[in-house]
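Dear colleague,

Please find below the structure for your review. A short account of the findings comes after it.

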Amino acid sequence: MSLSSSSIPSQLTNRTSIREPTRNPSWVSPKFVKLQKSRDFFRKSCLTTARNVEFRGEKHGVGDGDGLIIVDHGSRRQESNLMLNEFVAMFRERTGYPIVEPAHMELAQPSIKDAFNSCVQQGANRVIVSPYFLSPGRHWNKDIPSLTAEAAKEHPGVSFIITAPIGLHEQMVDVVNDRIKHCLSHVAGDAVECAVCAGTGKCRLYPIESE
C-alpha cells in the first residue's frame, strides 16, 4: 500500500539524509509509565488474563442473538484481505459462535454495512463489532462507529457495540515472540515461510549495503 506524503511524519520528509550523522546529537531516553496491576486496574481495563478473569464479568458473553463483525482496515492488496477471511474462519471454529462476519473499513469488500446486513439476515438482534486493530486511534474512535451507526439505520431495533481493539493483551507477547522466532528459523533454513510471508520474499536477511 502506497503512502501519501501527508501520512509521513514531518521529521522524515526533510532533506537531511537519515544516514548522515548530526552534529552534537542529543539523545533523550523515553520515559515509560509503569502500569499498576491492581485489582482495580484489571477490573477497569480491557485485558483478559488468567489473573484477572475472576474480576471480569465473563458471564456476559456472546449470546444466541448476537452477530459478530471482525473488521480490519482493508487493503488494495487482495492477499491481505483474504487473510482476514482465514482469521474469521479460525475464530468461528474455535469459539463456536454461529454468526461471525468479516468486514473491511475501506478499500475492499465486504464493507461494515454488508457485514451488518448479513448478521441481521442470519437472525442477529445485537451486532458486536470487533476491530482487528492493534491500537486505538481515529478509526476505532470515529470511523468504525460512524460506519456502523450508518449501517444500523436500516435495521431499527438492532443494537450494536464497538469493542476495544487488541491493545495491551498479555498473549500478544507470545504472538510477537512466535513470529520473531519463526522468521529467524526460516532465515536459518530450518522452517518454511509462514502464511504471512509466503511468496513475498520479505522474510530474509538483508545484506549491509556499502557506501
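The notes below cover the nonpolar cores and then the salt bridges.

This is a predicted model, in which local features need pLDDT of at least 70, side-chain atom pairs count only at pLDDT 80 or more, and totals for chains, interfaces and linings use all residues. Residues are numbered from 1 along each chain as its sequence is written, and side-chain values use heavy atoms, with hydrogens and water left out.

A nonpolar core is a set of buried Ala, Val, Leu, Ile, Met, Phe, Trp, Tyr and Cys residues joined through side-chain atoms within 4.5 Å. Buried means under 20% relative accessible area, exposed over 50%, and partly exposed in between (1.4 Å probe, protein chains only). The largest such core has 17 residues, and I69, V71, F116, V127 and I144 have the most contacts inside it. Two or more residues each come from β1 (66-72), α3 (112-121), β3 (126-131) and α4 (138-152); these helices (H or I, at least four residues) and strands (E, at least two) are DSSP runs, numbered from the N terminus. The most is given by α3, with four residues. A second, separate core of six residues includes L68, I70, L84 and V88.

The structure also holds five salt bridges, each a side-chain nitrogen of Lys or Arg within 4 Å of a carboxyl oxygen of Asp or Glu. Among them, K153 pairs with E150, their closest N and O atoms being 3.2 Å apart; K153 is exposed at 59% relative accessibility, whereas E150 is partly exposed at 47%. Another joins D143 and R138 (3.9 Å, N to O).

Yours sincerely
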